[in-house]
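Here is a short note to read beside the model. Please keep the 3D view open and find each residue as it comes up.

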Amino acid sequence: MAGGGVGASAAAAATIPEAALRSGKPMPLVGMGTASFPLDASQLPATVRDAVLRAIDAGYRHFDTAAAYGTEAPLGEAVLEAVRAGMVASRDDLYITSKLWISDTHPGRVLPALRRTLRNLQMVYIDLYLIHWPIRLRVEQETPSPVYDNDFVMMDMEGVWKDMEECQRLGLTKAIGVSNFTCKKLNTLLSFATIPPAANQVEINPYCRQNKLREFCKEKEIQLCAYSPLGASGTIWGSNAVLDCPVLKHIAVQKGKTVAQVCLRWLHEQGDCIIVKSFNERRMRENLEIFDWELTDADRQEISALPEFRGNRDFYVHESGPYKTTDEFWDGEITGPQLKTC
């Protein structure tokens with residue numbers, strides 16, 4: 001494996017800032033995502049395992065997975081190998097996030113789902129467990145999968161959250177949170193939560209800035225985490241709009257940085273945790289080179305003037321479901337049409 005050895009890996013990890021959450025250990029503010037769309041299922045385990053080992057070597061200590069990604073098992077195998085190889089002292093040196101899939105967002109199915117996740121990961125606990133989406137799939141899935149019919153029903157948010165709280169009380173996860181929740185849905189959750197959510201993972205990038213949600217989360221002490229920070233190019237919901245944006249390209253040239261680094265630096269300056277996904281070792285390392293320089297006020301103003309739209313917007317909108325329009329699902333927060341260029 002290429003890299004600078006254990007000392008270099010630890011030194012790189014030490015440069016990544018952390019955020020204290022409501023519970024559990026501090027969260028490294030850059031994490032590696034493991035979702036891949038599309039990827040040959042027969043190649044997925046080895047690809048993810050090797051990528052995670054390269055990422056640990058590069059300095060990553062925060063890894064994001066989900067039941068629906070099919071990457072929990074290879075992530076767990078990589079962690080075991082990293083410990084055996086002395087790349088990290090123990091699993092406790094890593095921050096592991098996973099997510100409850102929509103087929104299990106039902107009271108009574110949360111704890112069994114987390115136990116499956118732990119078996120997949122070969123771990124006794126994870127650091128953060130998130131409700132993946134605020135909706136439920138009517139039909140149970142033996143194996144969580146993003147492939148399903150449009151058979152959605154409203155999630156029993158209070159019942160599911162009580163089960164999430166029990167997962168934390170049992171020590172199976174050190175913190176609990178949500179993903180893809182709007183201000184309105186968070187308000188509903190906070191109205192009955194005994195343990196408030198520690199984090200909310202949502203789409204954030206220069207075209208989907210989430211200013212309203214960020215201010216709400218700061219007020220409620222909920223850490224905002226960004227997925228698709230570079231616009232999710234190559235996925236069915238993303239586009240090249242972020243990476244092809246002339247404004248971002250101009251800033252990158254002025255700074256001697258890549259467009260990706262400009263985007264990630266902008267997110268870091270907002271105080272967000274960044275979930276960035278690349279299995280390419282050079283880009284993995286470049287994505288960590290964002291902490292020793294800053295954007296100017298002029299740069300930030302140019303980014304704030306970009307139009308806003310949401311890429312990941314209508315997967316769970318259906319005429320027969322609880323959310324019949326995009327506005328209903330996202331409660332009117334950033335639902336503009338997707339753009340392809342600046």
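1. Start with a term. A charge sits over a ring if NZ of Lys or CZ of Arg is within 6 Å of the ring centre and within 35 degrees of the ring normal. K277 does this over the face of F279, at 4.3 Å from the ring centre. K174 lies over the face of Y125, at 4.8 Å from the ring centre.

2. A word on the source. This is a predicted model, where local features need pLDDT of at least 70 and side-chain atom pairs count only at pLDDT 80 or more, while totals for chains, interfaces and linings use all residues. Residues are numbered from 1 along each chain as its sequence is written, and side-chain values use heavy atoms, with hydrogens and water left out.

3. Now the ring pairs. Rings of Phe, Tyr and Trp (its six-membered ring) pair if their centres lie within 6.5 Å; planes under 30 degrees apart are stacked, over 60 edge-to-face, and the rest tilted. The structure holds 9 aromatic pairs. One of them joins F315 and Y316: the centres are 6.4 Å apart and the planes are at 75 degrees, so this pair is edge-to-face. Y323 and F329 are also edge-to-face, because their planes stand at 80 degrees, with the centres 5.0 Å apart.

4. How exposed are these rings? Buried means under 20% relative accessible area, exposed over 50%, and partly exposed in between (1.4 Å probe, protein chains only). Y316 is buried at 4%, but F315 is partly exposed at 26%. Y323 and F329 are both buried.

5. Look next at H132. UniProt, in an unreviewed entry, places the feature "binding site" there. UniProt positions follow the numbering used here, feature names are shortened, and annotations may be inferred rather than shown by experiment. H132 is found in the loop between β6 (128–131) and β7 (136–137). Helices (H or I, at least four residues) and strands (E, at least two) are DSSP runs, numbered from the N terminus. H132 is buried, at 6% relative accessibility.

6. What does H132 touch? Contact means heavy atoms within 4.5 Å. Leaving out residues up to four places away in sequence, H132 touches A66, Y69, K99, L100, W101, S179 and N180.

7. N180 lies in the loop between β9 (176–179) and α6 (183–190) and is buried at 2%. A polar contact is a pair of N or O atoms within 3.5 Å; within protein, one must be able to donate a hydrogen and the other to accept it, and residues adjacent in sequence count only if both atoms are side-chain atoms. The N180 side chain makes one with the side chain of Y227 (2.6 Å). A polar atom of the N180 side chain also lies 2.9 Å from the backbone oxygen of H132.

8. Last, the charges. A salt bridge is a side-chain nitrogen of Lys or Arg within 4 Å of a carboxyl oxygen of Asp or Glu. The whole structure has 21. Among them is D64 with K99 (2.6 Å, N to O). D64 is in strand β4 (residues 62–64) and K99 in strand β5 (residues 95–100), so the pair ties together parts 35 residues apart in sequence. D64 is buried at 2%, and K99 is buried at 1%.
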